[in-house]
Amino acid sequence: MEDSLEYYTVYVTFASEDEAKQIAKVVVTDRLAACVNIIKGMHSVYIWNSVLEESEETVGLFKTTKDKSEQLVQRVKELHSYDTPCIVIWPIVSGNLDYLDWIRNSL
């Protein structure tokens with residue numbers, strides 16, 4: 001059995017669904033992520049430059065491995081429209097082993 005802590009979900013927010021799709025296609029083609037789930041219609045409330053802001057955003061959930069995660073983060077940062085994009089790595093602590101194998105074999 002493989003160590004599931006070797007697998008990560010990378011959570012990223014985007015200004016638009018189009019941007020999320022464009023970046024998802026690049027990183028999947030580059031084999032930095034096996035899959036990206038894109039969820040549109042998220043409403044965000046946050047403080048930016050000392051001002052309370054609200055915006056509609058799109059979420060991307062990138063499935064990858066520990067050894068590809070930093071390359072993935074760097075590539076997303078290069079392509080992202082935000083100065084400081086939300087990119088957070090969550091370890092996958094458990095999951096369908098067949099799916100986890102698919103992630104590894106896709107990269």
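Ala, Val, Leu, Ile, Met, Phe, Trp, Tyr, Cys and Pro count here as nonpolar, Asp, Glu, Lys and Arg as charged, and the others, Gly among them, as polar. The model is predicted, so that local features need pLDDT of at least 70 and side-chain atom pairs pLDDT 80 or more, whereas totals for chains, interfaces and linings use all residues. Residues are numbered from 1 along each chain as its sequence is written, and side-chain values use heavy atoms, without hydrogens and water.

**View 1. Lining of the largest pocket, by class.** The lining comprises 5 nonpolar, 3 polar and 3 charged residues. Among them are Thr-13, Trp-48, Glu-53, Asp-83 and Cys-86; a pocket is an open set of points on a 1 Å grid over the protein atoms alone, where a 1.4 Å probe fits, with protein on both sides within 12 Å along at least five of seven lines, and lining residues have an atom within 4 Å of a point.

**View 2. Contact between helices H1 and H2.** Glu-19, Ile-23, Val-26 and Val-27 of H1 meet Leu-72, Arg-75, Val-76 and Leu-79 of H2, contact meaning heavy atoms within 4.5 Å, and helices being DSSP runs (H or I) of at least four residues, numbered from the N terminus. By class, this contact has 6 nonpolar, no polar and 2 charged residues.

**View 3. Strands at the largest pocket.** Strands E2 (35–48) and E3 (51–65), DSSP runs (E) of at least two residues, each supply at least two lining residues, and E2 gives the largest share, 3 residues.
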